[in-house]
Amino acid sequence: MISLLDLFSVAAISAGALFFFAGTVGLLRFPDSLTRLHALAKADNLGLGLVALGLIPRAESPLAALKLIVIWALVLLSSASTAQLIGRSLSRGRK
Amino acid sequence: MNELLLLAAGLIVFTVAIGLARILHGPNEVERLMAVQLLGTGGIAALLLIANATNVPGVDDVALGLALLAPFATIAFVNLVDADEGAAERDLAP
Amino acid sequence: MSFLDIGLALLVVLVAVWTIAAQDLFASAVGYVAYGLLLALVWIRLYAPDVALTEAAVGSGVTGVLLIAASKRLGALKIAALEAPPSLAFKLLTGVLALLVASALAAAILMLPDPPPSLAPEAAVAAEGPGAGLGNPITAVLISYRSFDTMLEKVVLILAVLGVWSVGADQAWGGAPAPLRRSKPYPAMVFLAQMLAPVGALIGIHVFWVGADAPGGAFQGGALLAAMWMVAMMARLRDPPRIDAQWLRLALVAGPAVFLVTGLAGVVMAGNFFAYPPGLAKPIILFIEAFMLMSIAVALPALVAGPPSGRSEQ
């Protein structure tokens, strides 16, 4: 059972790193500021979520696992809102 | 297992570095704003991995702090961009 | 030295060079904030989480926002294009001087004997001696071994706030600084501020509270609280208070004042200036830190909000 949890952690964290990589590829390849913002906001946050998910089985206590979830929720909230703000600034700039 | 976590942290820092190079090079100043977001998210992921791998106490509190400071800096930058544009509009008005 | 460490070091240097070479103020400010966040990662790799938190909160966050506020004022005054850019010779001279200083520092570090001389063992012993009983040696050194320094640092903060306030026009003295954002904020910004500020305030208090036994403390917690108050002000949920407000001035001086009174009381109660009676050390330290938290959380936003503006609300 223990090694199964480890396997889950490795899988989730690898997927997370992969999504970060995908986000950077999007940053490099997308033609437009708004699309690059999209790649950044979506892919990187999913990557962070998967990394947090993979670290939850390895947390020392339920409180530590809760802290991981709080961090992820906070980043989701702030990233979604700031992506809106940056998108609005970008679209105003091109008028 | 800890080496794997540190390797993942290294990979994430590496991808963040490449993204940072692209963003800071970006065509206009608003695009450079995204650097704060990128570093914030990537930095938090790397910090969580390092915290779990090296057992230094309190690193998850640093990640918590980063999660608050990245939007704080972004809001300030957005206000700056709006202030600049407001001035430009006032100058253009007859 | 691992892949991660070498990559981080290179990245920090590259971002620093980019920040200096950037052509406009906005780009430099973004580069500076990015540099601060990366430096926080470096501190973590050096096993200094307290310093990392302080670097991220104060060095990168609050100072970055201070630079942005200054940039806004410079833009409003249209100062940026007035002077001719410095000549190539001047830039070369600056570069050579910077290189000399950096080389001297690098040489000093690389030539340290092994193990390097350090005051850390004496500080740890002295911090445990006066009955500190704290789990976090850094807090013990700050509030117990080097208490006078810490108190004076807060006095310096107050002097800085006074300096910023005196830059305003004479007629404006006593009024409120200009709001941190002139136009109406976006709904997304208001929502973010309404959600982030209370949660962030809780986290700031948490970081202060655990500072007795784990990385954290009054300075880091105060910087986070200050950042959250500034988030509320930047989204126009609240406006900067008048600088003659009684509560503002009381909160500002409360930290060093309580510290000083406790230090003087130590003469009576424990026989020495800034000594703490053995059993009561931890509660006294937390008591002092609570007031310092308040002072820092009020002083940093006052610095960013700036001098009183004397203009009516727009």
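## Confidence in chain B

Chain B of this predicted model has a mean pLDDT of 83. Of its residues, 90% score at least 70.

## Chain B: fold and helix 2

Chain B holds three helices and zero strands. Its elements run α-α-α from the N terminus on. The radius of gyration of chain B is 18 Å, whereas the globule rule gives 12 Å for 94 residues, so chain B is more spread out than a compact globule. Along the principal axes, the C-alpha atoms of chain B fill a box of roughly 65 × 25 × 10 Å. Even so, 70% of the 94 residues in chain B are buried. Take the contacts in chain B between residues at least 6 apart in sequence: 50% of them join residues at least 24 apart.

Helix 2 of chain B covers residues 29-54, 26 residues in all. From first C-alpha to last it reaches 37 Å, close to the 38 Å expected at 1.5 Å a residue. Helix 2 of chain B is mostly covered, with 24 of its 26 residues buried. Just after this helix comes Asn55(B), with a positive phi of about 60°.

## Chain A: fold and extent

Chain A has three helices and zero strands. Along the sequence, chain A reads α-α-α. Its radius of gyration is 16 Å, well over the 12 Å that the globule rule gives for 95 residues, so chain A is more spread out than a compact globule. The C-alpha trace of chain A spans about 55 × 25 × 10 Å along its principal axes.

Buried residues account for 42% of the 95 residues of chain A. Among contacts in chain A with a separation of 6 or more, 64% involve residues 24 or more positions apart.

## Contact between chains A and C

Chain A contributes seven residues to its contact with chain C, and chain C contributes eight residues. On the chain A side, three of the residues are nonpolar, three are polar and one is charged.

## Chain C: overall fold

Chain C has eleven helices and zero strands. Its pattern along the sequence is α-α-α-α-α-α-α-α-α-α-α. The C-alpha trace of chain C spans about 60 × 50 × 35 Å along its principal axes.

Of the 314 residues in chain C, 40% are buried. Contacts between residues at least 6 apart in sequence give a further view of chain C: 73% of these join residues at least 24 apart.

Chain C is divided into domain 1 (1-83) and domain 2 (119-314). Their centres, taken over C-alpha atoms, are separated by 23 Å. Eleven residues of domain 1 of chain C are in contact with 15 residues of domain 2 of chain C. By class, the domain 1 side of this contact has eight nonpolar, two polar and one charged residues.

Helix 4 of chain C takes in residues 88-110, which is 23 residues. The helix reaches 32 Å from its first C-alpha to its last, close to the 33 Å expected at 1.5 Å a residue. Helix 4 of chain C is hardly covered: the count of buried residues among its 23 residues is zero.

## Positive phi in chain C loops

Most residues other than glycine have a negative phi. Two residues of chain C are worth a look here. Tyr47(C) is not a glycine, yet its phi is positive, near 65°. Tyr47(C) sits in the loop between helix 2 (25-45) and helix 3 (49-77) of chain C. Is Tyr47(C) buried or exposed? Tyr47(C) counts as exposed, because its C-beta neighbours inside 10 Å number 12, and a residue is exposed at 12 or fewer.

Arg236(C), also not a glycine, has a positive phi of about 60°. Its place is the loop between helix 9 (218-234) and helix 10 (246-270) of chain C. With 18 other C-beta atoms within 10 Å, Arg236(C) is partly exposed. A buried residue would need 20 or more.

Key:
Residues numbered from 1 in each chain as written. Chains lettered and ligands numbered in written order. Predicted model: local features only at pLDDT ≥ 70, side-chain atom pairs only at ≥ 80, totals over all residues. Helix = DSSP H or I, 4+ residues; strand = E, 2+ residues; numbered from the N terminus. Contact = placed C-beta atoms within 7 Å. Nonpolar A, V, L, I, M, F, W, Y, C, P; charged D, E, K, R; others polar. Expected span 1.5 Å × (residues − 1). Rg over C-alpha atoms; globule rule 2.2 N^0.38 Å. pLDDT = per-residue confidence, 0-100. Domains from an automatic or database assignment.
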